[in-house]
Amino acid sequence: MSWLWAIIVGFVLGLIARAVLPGKQHQPLWLTTLFGMAGAILGNAVAGWIGVADTRGVDWTRHLLQLACAIAVVALGDMMYMAIRGKRGQTT
């Protein structure tokens, strides 16, 4: 069940990250979900490093860190995706 939850959270974070970023992102939806999952994992790690991973009540700081990391991962992932896709399109 935890994998299903990770996929759902990654999907939602990836979509929010795509909505926040300016312009059009070109990666497919499945890749956006993977980028959102990576952002959530990275955000959890950062929250653990600064000591806010487990607080009383809702962990707003952890959730904001997850979103910020998801935005960064989606932005970088889109740039890498377009670089790879652009190079592949030139060789054909």
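The side chains of aspartate 59 and arginine 62 form a salt bridge, with an N to O distance of 3.1 Å. The structure, which is a predicted model, holds 1 salt bridge. Both partners, aspartate 59 and arginine 62, are buried. Side chains of opposite charge can pair when their charged atoms come close.

The protein chain contains 3 helices and 0 strands, and its pattern along the sequence is α-α-α. Taken along the principal axes, the C-alpha atoms occupy a box of roughly 55 × 25 × 20 Å. Of the 92 residues in the protein chain, 29% are buried. When contacts between residues at least 6 apart in sequence are considered, 60% join residues at least 24 apart.

Helix H2 spans residues 29-50 and comprises 22 residues. The distance from its first C-alpha to its last is 31 Å, close to the 32 Å expected at 1.5 Å a residue. The buried residues of H2 are Leu31, Thr32, Thr33, Phe35, Gly36, Met37, Gly39, Ala40, Gly43 and Ala47. Leucine 34 also lies in helix H2, but its relative accessible area is 42%, so leucine 34 is classed as partly exposed. The C-alpha atom of leucine 34 is separated by 7.9 Å from that of glycine 14, the two residues being 20 apart along the chain. Glycine 51 follows H2 and has a positive phi, near 85 degrees.

The largest nonpolar core has 6 residues in all: Ala17, Leu21, Leu31, Phe35, Val73 and Val74. At least two residues of this core come from each of helix H2 and helix H3 (60-91). In soluble globular proteins, nonpolar side chains tend to be buried together. Phenylalanine 35, a member of the core, touches Gln27, Val73, Val74, Gly77 and Asp78 when residues up to four places away in sequence are not counted. Val73 and Val74, among these contacts, are themselves part of the core.

A nonpolar patch is also present on the surface, formed by Leu4, Trp5, Ile8, Phe11, Val12, Leu15, Ile16, Val20 and Leu29. Together these residues have about 810 Å² of accessible area. Helix H1 (residues 2-20) gives the most to the patch, with 8 residues. An α-helix has 3.6 residues a turn, so residues three or four places apart point the same way. Valine 12, one of the patch residues, is located in helix H1. Its relative accessible area is 43%, and valine 12 is therefore partly exposed rather than buried. Between the C-alpha atoms of valine 12 and glycine 77, which are 65 residues apart along the chain, the separation is 16 Å. Glycine 77 is, in turn, among the residues touched by phenylalanine 35.

Notes:
Residues are numbered from 1 along each chain as its sequence is written. This is a predicted model: local features need pLDDT of at least 70, side-chain atom pairs count only at pLDDT 80 or more; totals for chains, interfaces and linings use all residues. Side-chain values use heavy atoms; hydrogens and water are left out. Patches are made of residues with over 30% relative accessible area and no salt bridge: like charges are joined within 9 Å, nonpolar side chains (Val, Leu, Ile, Met, Phe, Trp, Tyr) within 5 Å. Accessible areas come from the Shrake-Rupley method with a 1.4 Å probe; for residues, only the protein chains shown count as cover. A salt bridge is a side-chain nitrogen of Lys or Arg within 4 Å of a carboxyl oxygen of Asp or Glu. Helices (H or I, at least four residues) and strands (E, at least two) are DSSP runs, numbered from the N terminus. Buried means under 20% relative accessible area, exposed over 50%, partly exposed in between (1.4 Å probe, protein chains only). A nonpolar core is a set of buried Ala, Val, Leu, Ile, Met, Phe, Trp, Tyr and Cys residues joined through side-chain atoms within 4.5 Å. Contact means heavy atoms within 4.5 Å. The expected span of a helix is 1.5 Å times one less than its number of residues.
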